[in-house]
Structures are given as C-alpha cells and as structure tokens.
Amino acid sequence: MLASPNSPFERVTELSMARNVHERRTERQLLLILLPSLALLLAFVIYPALYSVYLSFTNEALTGAAALRPRFVGIRNYARLLNDAKFWNALLVTFLFVVGSAVIGQFVLGLISAVALRRRIHFRRLFSSIILLPNAAPEVVAGFMWISMLAGGEQATLSRIVSFFGVTPADWLQVFPLSMIIIVNTWRGIATAMILLTAGLSTIPNEIYEAARMDGATPSQMFRRITLPLMMPTILLYMLISAVSTIAVFGLVYALTRGGPGGATELVSIYIYNQSFTAFQLGYGAAVAVVALLISLVLGIGYVRAMKVEV
Amino acid sequence: MKKTVIGGLCAILLSAVSTLAHAETIRIANHGQSGIDAMKSTVEKIEKKYGVTVEVVEYPAPDKDYLTKLLTELGAGNAPDLFSIPTTAAVADMVEAGYLAPVTKEIKAWDGYAKFYDVAKQLAVSPDGETYVMPFMLGIQEIYYRKDVLDKAGISTEQPKSWKELLDRAAEIKKKTGAYGLLFPAGVSWGSGAFDEGFQHLIVGSKTPQLVDADGKLDLNGEGVKDAFDVYKQLIDNDLMPTQPLLGPEPWVVPKYQMFPAGKLAATTCGSWCYIFDWGRESKNPIPDVTKVVGTWTVPGQSGGQYVLANLAAPWAINAKSANVELAKKALMEIGSVETQVSYAARIGNIPSSKDAAQNADFQKLTELVPIHAAAENGTFLKQASGFGTVAEGVARATEALLRKETDAAGAQKILVDYVKETLGDEAVK
Amino acid sequence: MAVISPSENANKTRSDLLAYATLSLISIFCAVPFFWVLIASLDGNAQLFLRWPEQWTFANYLRVFTKEDGAKWLFNSLFVVGGATVLVMVLAGLGGYALSRTRAWWKLPFLYAILLIRVLPPTALVVPLYKFLLTLNNAEGAILRPIFGEYTRPIMRWTGFIDGYLGLILVLATMQLPLALWIMKTFFDGLPRDYEEAALMDGATLVQRIRRVLIPLALPGLAAAGLFAFMSAWGDFLLPLIFLSSPELQTLPLGLFRAFLRINEIDYGLLAALAFIYLLPAVVAFGFARRFLVQTFAGGVKG
C-alpha cells in the first residue's frame with residue numbers, strides 16, 4: 001500500500017482509492033458467487049430459449065420428413081400464426097384468464113385470507129394448511145379432481161351440491177368454460193397469494209393501526225389508507241410473479257377442456273400444444289412461444305414503467 | 001492420491017476381467033402397464049435364447065407423452081433398441097424421419113411370417129415398399145349392441161347391410177326404446193378415437209375407400225369422406241347418439257361405462273377388448289352373461305358389403321441408430337411369436353396376427369376373441385401414409401364441429417382439409 | 001396499552017367472527033375437490049365421479065407399496081426434489097445477495113429475462129435441452145467408461161445427465177432459480193446494510209460476512225424461496241418423464257401413470273391413493289416452512 005499520507009487531501013484520496021479497489025474486488029467476488037447460478041441458467045434456460053427462437057424460423061418437427069431434413073423457412077411460421085384467428089383468440093383468452101384468476105381471484109381471496117389469519121383466532125394452522133392444499137396437489141391429480149367436480153353433467157360433484165340447494169345443474173364445462181377454469185386456477189393459487197401477502201402485511205407495524213383506531217378510523221378506512229398503500233411493493237411483486245406463472249399454465253386446463261369448447265378456453269399454451277405437438281411440429285410451436293414471450297415482455301415493461309416500481 | 005490410483009487400477013482390472021463375461025444389452029421400451037406385464041415372459045425367453053441382458057425401460061405414460069418422449073430420444077439418437085409404437089398412424093411419419101430400421105429381409109425369412117393374416121402383412125409394409133414393423137397384433141373394431149334391449153323391443157338383430165340400414169336401425173331403437181341408438185366416437189376430447197374408432201370404419205366401406213393415392217398424397221376430397229361425415233351428422237342431429245359427454249373430458253366414461261351397461265345406449269363401436277375388459281369378466285362393472293347379452297355387427301359398407309377393419313395394435317420397431325441392430329432384429333422375431341401374441345391378447349384384448357394362434361390352448365380360453373380372430377381372414381385396411389396423425393386430429397376437429405351442430409357434412413370435410421393443409425402444407429393434400 | 005372500551009370489544013368479536021366466516025368459506029372451497037381423492041382412495045371400486053363406496057378398503061394404499069414400487073418412487077422423488085431444493089436455496093441465497101449488492105449494468109435486464117422466460121412453455125424447451133444434456137452425458141460416459149467399464153452404467157445412474165439423478169436435480173433446480181433469485185434479491189434489498197458494514201469494519205472477508213451475518217438473517221427468505229421451489233418441482237412430471245428411463249429412478253408423478261392401464265381404462269382407486277401419498281410431503285414441507293415465512297419479506301419490501 002501507499003506510504004502513510006500526510007495531508008488531509010492525500011488522506012481522502014487514499015481512502016477513496018482504497019474503496020475503489022476494494023469495491024472492484026467485491027464486485028468480482030459477488031460475480032463469482034453468482035457464477036454457478038448464471039452458468040446453470042445459461043445452459044438450461046437461456047440456451048434452450050435461444051435455440052427455440054432459432055427453431056421458430058425452421059420447419060423442424062419431431063417426426064415425419066421434416067425431422068430428417070429440417071429446412072429454414074424464414075418467417076413463414078410467423079405469417080401463419082399472425083393470420084390465424086385462433087392465435088388472437090388464444091391471446092384474448094389468456095388475457096382474461098390471467099386477469100380473472102391471478103389479478104382478481106387469487107389476489108382477493110389471498111388477501112382476505114392473509115388479513116383474516118392475522119387475527120388471533122383459533123384453528124389458524126388448520127385454516128392455512130387447508131388453503132395450501134390446492135397448491136400442493138400435482139397438476140395431473142388436480143385435473144382429475146376437477147373433472148370429477150365439473151364434468152359429467154348431473155354426476156359432477158358441483159351439480160350434486162348445487163341441486164342440494166335446489167338449483168338445476170348444468171354441464172358446467174360446456175356452458176361456463178372460461179369461468180370454470182378461472183375458478184379452478186384461482187383455487188389453485190390462493191396459497192401463493194396468501195403467503196406473499198401475509199409477509200407483506202407483517203411489515204406494517206401495529207402502532208400505525210393503533211394510532212388510526214384512536215383517531216376513530218373505521219376498518220375499511222384503515223384498509224384503504226394504510227394497508228393498501230404500504231403493501232404496494234408486495235402486491236406488485238405478487239402481480240408480476242403470478243401473471244408470469246399463470247401464462248404458463250397448461251396441464252390443468254388441458255385436462256379439463258382441451259382448450260374447448262370451440263376454443264373458448266384455448267390458452268396460448270394450449271394453442272401451442274394443439275397446433276404443434278399434435279403434429280409434433282417444433283418450429284411452429286416455437287414461433288408461437290416466441291410471440292407470446294414478446295408480448296409478455298412488452299406488457300411487463302409497460303406495467304413496470306406505469307407503476308414506477310423500484311427494482 | 002495413492003488410494004485413488006490403486007482404486008482406479010483395481011477397477012480397470014475388474015472391468016478387464018468382467019468384459020470377458022460381459023453380455024450384450026439391448027433396451028426395450030414399453031408402455032402401458034398391461035403391455036409391460038404381457039411382455040414379461042417374452043423378455044425372459046429372449047434373454048435365455050440369445051444370452052443377452054434385456055433392459056426393459058418402462059415409460060408408464062399415456063400414448064401422447066410416451067410418443068413425445070420416444071420421438072425426442074429418437075431425434076437425439078438415444079432411443080432404446082426396440083420399442084412399441086402406440087398407433088399405426090405414427091409409423092409412417094417415423095419411417096420418413098429415418099428413425100426405423102428396415103426389417104424386410106429378416107421378416108420374410110422368418111418362419112412365423114407365412115402364418116400371418118394377409119391384412120397384417122399388408123399393414124406392415126410402408127409406402128416405400130419396405131417393412132419396418134413387426135405386426136404381431138391387430139386391432140379390430142366392430143359395433144357392439146345390446147341384444148337383450150333390441151329383442152325386448154322387437155327390433156331386428158340382423159346385421160345391417162348398408163349405412164342407411166344402420167341409421168334406420170338406430171332410429172328405430174330410439175323410437176321404440178328411448179335409448180340412444182348408436183355411438184361413434186367424435187370430437188376433440190376423444191383424441192384419436194374419432195378417427196380410429198369411428199371414421200375409418202366408415203371410410204373403408206365408402207365410395208372412396210382409401211385416403212392415400214398412388215403418389216402418397218392424402219386424398220381427403222373424395223365423396224366418401226363427405227358421406228362418412230354425413231353419417232355422423234345424421235346420428236347427431238337426430239339425437240341418436242349422446243353428444244354432451246363427448247364434449248367434455250374423459251368422454252368415454254359416461255357412454256361406454258355407464259350408459260351401455262345400463263341399456264341407455266344400445267350400440268357402440270368398440271374393439272375386441274371390450275368383451276373382456278370393458279363389459280366382461282375383467283371389467284369393474286361387468287354386464288352379466290355378456291356374450292349372450294352383447295352381440296356384434298361388422299360395420300357395413302356404404303351400399304353393402306361387410307368390412308372388418310384391422311389396424312396394427314402396438315407394432316414393434318427397431319431403432320435405426322441402435323448399436324445392436326442385428327441382435328435387435330432377432331429379438332423382434334421373438335416378439336412376433338405366437339406365445340407373445342397370446343400373452344398380449346389375454347392382457348390387452350387385441351387379436352393375434354398369426355393364424356396359428358387359433359390352435360394355441362391359452363388363446364382358445366379367450367372365447368370371446370376366437371371368432372373375431374377368425375374374421376381377420378377377410379380383414380381390410382387403410383393404406384398408411386405420412387401425416388395420418390394430422391388426419392386423425394383433423395377428423396376430431398371436424399366431428400367436433402358436427403357435435404356442436406355448427407356445420408354440415410361438406411363443411412366438416414372442409415375443416416378436415418383445411419386443417420391438414422395448414423399443418424402439413426398445401427402440397428401434402430391432393 | 002389504552003383501556004379497551006366495551007364497544008371496541010364488540011367490534012373485535014365481530015371482526016373475529018367475520019374472520020372465522022370468511023376463512024371457513026375459503027377453506028371449504030379449497031377442500032371440497034379433495035373429498036373425491038380421499039374417498040376414492042378408500043374405495044375398492046373407485047369411479048371418476050364421487051360416490052359412496054360400497055366397500056371401504058385400504059387395498060389401494062397397500063397396492064402402492066406392495067404391488068407397485070411406491071416406496072422407491074417416494075424415495076426418488078424426495079431425493080431428487082429435496083436435492084434440487086437445497087441446491088436452489090444455496091444458489092439463490094448466494095446469487096440473490098450478489099444481485100442485490102452488485103452494480104453491474106446488466107442486472108435489471110438479466111432479472112427480467114430470466115423471469116419472463118418462464119412464460120415459454122416447457123414443451124418448447126424440452127427438445128433442445130434434451131439434446132444438450134445428451135451431449136454432456138455422452139461426454140461423461142466417454143470419460144468414465146475407460147475407468148469403470150462395467151460399472152459405468154450404475155455410476156451414471158447417479159451422476160449422469162440423462163437418466164441420472166444429477167442431471168434431473170440440476171434441471172429441476174435451474175427451472176426454479178429465476179423465482180428464487182427474485183425472492184432472495186428482493187429480500188436482501190430490504191436488509192439494512194448496517195450489519196454488513198459492521199462486519200466489514202471488523203475486517204471480515206466476503207465469505208466470513210456471508211457465513212456469520214447474512215445466513216442467519218436470510219433464513220426467512222430462504223424458507224420462502226425453498227418452499228416455492230419444492231412445491232413447484234414436486235409437481236413436475238414432464239421433466240422426469242423426458243429425462244428418466246430406468247425403472248429404478250422413476251419418481252412419484254410417473255408412478256401416477258401406472259394407473260393408466262389400457263387405452264381408456266384408469267384405475268381411479270390407485271390414482272387417488274397415489275395422489276394422497278403425493279400430497280403429504282408438500283403439506284409437511286409447508287408446515288415446516290411456515291414458521292419462517294412470516295418474516296420473509298418484512299425486510300424485503302420495506303421502502
């Protein structure tokens with residue numbers, strides 16, 4: 001190191017230079033511990049994603065003549081999908097699905113659960129365990145459970161419940177397909193919302209509520225003026241995560257409706273599956289996935305900008 | 001460090017020694033628990049006869065997922081040496097992709113070959129003239145009907161001789177008993193069933209009985225196609241078949257496992273396995289005295305004739321990139337043995353391709369299958385070509401539109417043609 | 001604490017009742033579909049639709065462990081998913097910290113990229129992933145075979161990329177990394193740097209800082225990230241299906257498919273019993289992680 005400095009100026013310079021060197025060393029160390037994650041992500045996530053982008057410009061397939069001799073077809077896949085009314089329908093359905101189940105359904109029920117569970121009541125552990133169950137069920141099983149609930153007309157469990165109350169049952173998945181899958185996905189994700197929102201709620205000190213109560217604030221006022229604003233960062237994090245996860249939902253909805261009736265529940269993920277995997281066409285499927293990704297990207301950036309969240 | 005060196009040397013020594021006694025390994029992929037069980041004794045036989053180790057890799061997954069996995073591995077060059085293919089339709093595409101090893105010579109030289117039914121031999125030949133699969137089991141479908149329901153209502157149980165007669169019979173059943181007259185699988189939810197268990201049986205007896213022309217192109221614009229869709233339309237529009245369950249998930253549960261045993265559905269297409277597994281002695285809800293109560297009709301032709309359509313059931317093939325192709329071929333012939341066929345028949349209910357099976361004592365115990373086996377002598381088949389999987393999906397969609405009463409027969413045909421053109425390109429369709 | 005007036009007491013009770021009511025309703029909504037699973041698993045002749053069993057029996061459960069390889073599947077699933085979860089927690093813990101403290105220019109784009117890539121359906125990623133892992137696998141085989149000969153196959157069961165524990169654990173872990181990194185980074189963002197500064201002043205190195213100060217503080221975040229990773233990986237069946245072949249390595253979700261016997265025939269009793277067994281570890285994991293969860297984002301989202 002440098003020889004002992006004499007003047008204050010030299011002292012400050014020395015300190016700042018030391019900090020720079022130190023910082024650079026820290027940055028390097030930080031990068032070092034990030035390296036394993038980076039390597040794994042690059043190899044197993046980013047590379048396949050980029051490869052898929054490449055595939056989207058070919059007619060690669062898992063079987064058939066194209067499997068043996070795939071050709072570069074330029075933007076033909078993209079032209080085909082942009083011309084396909086079913087693709088745009090899939091976008092609309094997915095949008096409604098995300099808004100209905102993630103933005104509204106899971107959030108509202110998760111928030112209510114989180115708020116209710118903060119009170120000192122009995123059976124808290126039981127309640128939260130039950131609310132978690134839907135998330136713990138694997139997709140295949142959840143699919144069958146809801147088939148048992150909703151399909152089969154009169155035999156469906158829901159039909160039996162409803163007729164107990166004197167309402168005529170309907171063929172739920174045929175008459176209200178989109179609503180049904182929104183309900184099912186809400187059911188599945190309440191726990192995620194509840195967990196995140198509980199954590200967010202716990203950051204608000206009780207004193208604020210006490211003070212507000214002494215000022216005579218009503219519960220709803222407290223909720224609107226205190227809880228919501230202070231929870232914003234958590235809420236936004238939740239929205240981002242759940243929207244992304246919901247867009248990727250496939251198995252559960254496919255098991256229930258296969259995307260029908262008539263495309264009413266054909267999410268983008270199901271559209272990809274129906275269009276490409278039924279014929280094992282990887283190229284086309286990749287093109288749709290890329291477009292879906294781009295749209296999500298645009299929406300995501302717009303969303304973040306609008307909320308001006310600091311990341 | 002020293003320990004590692006010594007350990008390594010020991011390992012090398014061991015491996016050198018054991019290589020002398022090392023047996024070759026072939027990997028066999030199978031799927032569906034019953035298929036795995038059926039192959040157990042054959043696997044043992046192969047191991048003993050050729051002194052190899054057989055590694056059975058089980059892909060316990062539904063057809064679609066099994067196929068996805070298999071194709072992924074074939075594409076990467078890492079597939080097992082021998083595998084069963086879930087549907088005939090997939091074979092042509094796999095041949096075109098170069099995944100399968102040709103076995104034409106070996107199979108013709110094999111002594112079991114001569115005893116195969118003609119239809120099995122013909123189905124095994126791919127468009128390019130080579131044989132790539134061992135066609136050891138046939139899937140044969142017929143119309144199963146409730147004799148007792150028809151007898152009670154005084155309806156004739158004679159074999160219908162044409163499409164019109166069939167439809168009239170179904171209408172009669174509806175009028176006199178209130179039960180649904182005839183079920184043909186349809187719709188997207190049933191997967192490939194709309195084609196496999198319904199449409200193709202109509203097509204073979206229609207005015208344009210084949211879907212592939214001499215060039216290997218898909219000929220979907222024929223009149224027979226339209227007429228076949230029209231049969232569906234009439235069944236649906238006249239409320240002769242249940243439609244609600246077909247629009248939902250697991251569409252076969254209500255009609256086949258509930259309505260038919262209860263007599264609310266009088267006739268349905270089904271495979272030979274239905275006598276044993278769906279409604280018979282292995283079923284969870286058997287129909288008592290099933291062979292007396294349930295009779296079979298073959299699907300009549302459009303204007304006459306009887307057509308027993310045969311498909312390859314679980315054909316076996318060899319990975320072209322296998323390291324042990326010759327050995328795999330020998331194992332393949334073993335799979336074609338009568339014993340294996342009977343084992344499969346007992347567990348899955350399909351029909352053995354070998355005429356010799358009729359003399360096998362175990363097979364004779366499967367009394368329900370014996371007559372169907374004999375009928376295979378006159379079996380017909382649909383020529384296979386690349387892209388049949390897409391055709392099956394197109395038919396599913398076309399029948400879905402019919403189920404929803406959104407279109408008519410011509411419109412359904414258009415849906416089929418458009419879908420196939422969209423997916424495979426305009427050049428694939430004539 | 002101020003004196004609570006009687007009317008406030010009444011308010012409190014009313015609010016409590018409201019809480020009970022809403023929680024009960026939500027719980028019922030969550031629990032109803034599970035009745036079928038529970039009842040069908042005890043039904044000797046289970047159907048797809050809910051029905052009162054004619055014969056109550058444990059036969060289905062027994063079959064899972066005796067006739068089928070339930071114990072092996074359970075072990076494999078626990079081993080693979082557990083391993084992946086631990087790996088995720090370690091990597092995300094370290095990585096999240098790094099991402100929080102670093103000032104690299106590519107930090108933000110990277111974070112968004114890995115999160116949004118989750119939008120791509122896994123089916124689109126499987127094929128290139130498989131080819132890549134196969135290459136790695138063959139390379140590994142080429143190195144190991146000359147040394148271990150006969151025993152390469154058994155060894156590769158553990159260390160192989162295709163059809164090996166290692167490969168599956170790595171892939172499963174990587175799929176959960178994006179979310180976990182986000183959670184940990186957000187968490188560390190909210191942790192006051194005073195503790196670190198103090199440690200820094202004491203002359204601690206990065207490693208020492210991590211071990212002594214950060215890990216204890218990070219536990220809540222790790223619990224959340226770990227729990228989400230576990231539950232997500234636990235339910236995954238596509239990746240095990242594609243990357244595993246040997247019967248010894250089969251995991252529980254693949255075992256579920258054993259209930260698919262023939263083309264249209266499903267043994268619902270077996271399916272339900274397996275499903276029930278499948279649920280338990282996830283519930284246990286949640287119960288275990290619950291304690292830590294509440295504090296998790298407390299630090300993370302403050303300001």
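This note goes through a predicted model point by point, covering chains A, B and C.

1. **The sheet of chain B.** Chain B holds an open sheet of 5 strands. The order is β2-β1-β3-β10-β4, and the pairing is mixed. Strands β2 (53–58) and β4 (133–134) of chain B are the edges, each pairing on one side only. Strand β1 (residues 25–30) of chain B runs parallel to β2(B), and 6 bridges join the two.

2. Helix α13 (residues 325–335) of chain B lies across β1, β3, β4 and β10 (316–318) of chain B. Helix α13 of chain B runs at about 170° to β10(B).

3. **Two domains in chain B.** The domain assignment gives domain 1 of chain B as 18–106 + 315–349. Domain 2 of chain B is 140–310 + 384–428. Their centres, taken over C-alpha atoms, are 31 Å apart. Where they meet, 10 residues of domain 1 of chain B are in contact with 11 residues of domain 2 of chain B. On the domain 1 side, helix α4 (residues 88–96) of chain B gives the most, with 7 residues. By class, that side has 5 nonpolar, 3 polar and 2 charged residues.

4. **Helix α4 of chain B.** How many residues of α4(B) are buried? The count is 9 of the 9, so the helix is largely enclosed by the rest of the structure. Just after α4(B), B:Gly98 takes a positive phi of about 80°.

5. **Where chain A meets chain B.** The contact takes 22 residues from chain A and 22 residues from chain B. On the chain A side, the elements giving two or more residues are α2 (65–68), α8 (172–175) and α12 (251–257) of chain A. The largest share, 3 residues, comes from α2(A). That side of chain A has 12 nonpolar, 8 polar and 2 charged residues.

6. **Chain C.** Which secondary structure makes up chain C? It comes to 13 helices and 0 strands. Of the 303 residues in chain C, 49% are buried. Among contacts in chain C with a separation of 6 or more, 74% are between residues 24 or more positions apart.

7. **The largest nonpolar core.** This core has 331 residues. Those touching the most other members include A:Leu150, A:Leu256 and A:Val288 of chain A, and C:Val88, C:Leu172, C:Ala180 and C:Ala225 of chain C. Helix α7 (residues 165–190) of chain C supplies the largest share of the core, 16 residues. Take C:Val88 as a way in. Leaving aside neighbours within four places in sequence, C:Val88 is in contact with C:Ala173, C:Gln176, C:Leu177, C:Ala180, C:Ala225, C:Gly226 and C:Ala229.

Terms used
Residues numbered from 1 in each chain as written. Chains lettered and ligands numbered in written order. Predicted model: local features only at pLDDT ≥ 70, side-chain atom pairs only at ≥ 80, totals over all residues. Contact = placed C-beta atoms within 7 Å. Helix = DSSP H or I, 4+ residues; strand = E, 2+ residues; numbered from the N terminus. Nonpolar A, V, L, I, M, F, W, Y, C, P; charged D, E, K, R; others polar. Pairing = 2+ DSSP bridges. Axes fitted to C-alpha atoms, helices over the stretch in contact; angles between N-to-C directions. Domains from an automatic or database assignment. Core = buried A, V, L, I, M, F, W, Y, C linked by C-beta atoms within 7 Å. Buried ≥ 20, exposed ≤ 12 C-beta atoms within 10 Å, placed from the backbone.
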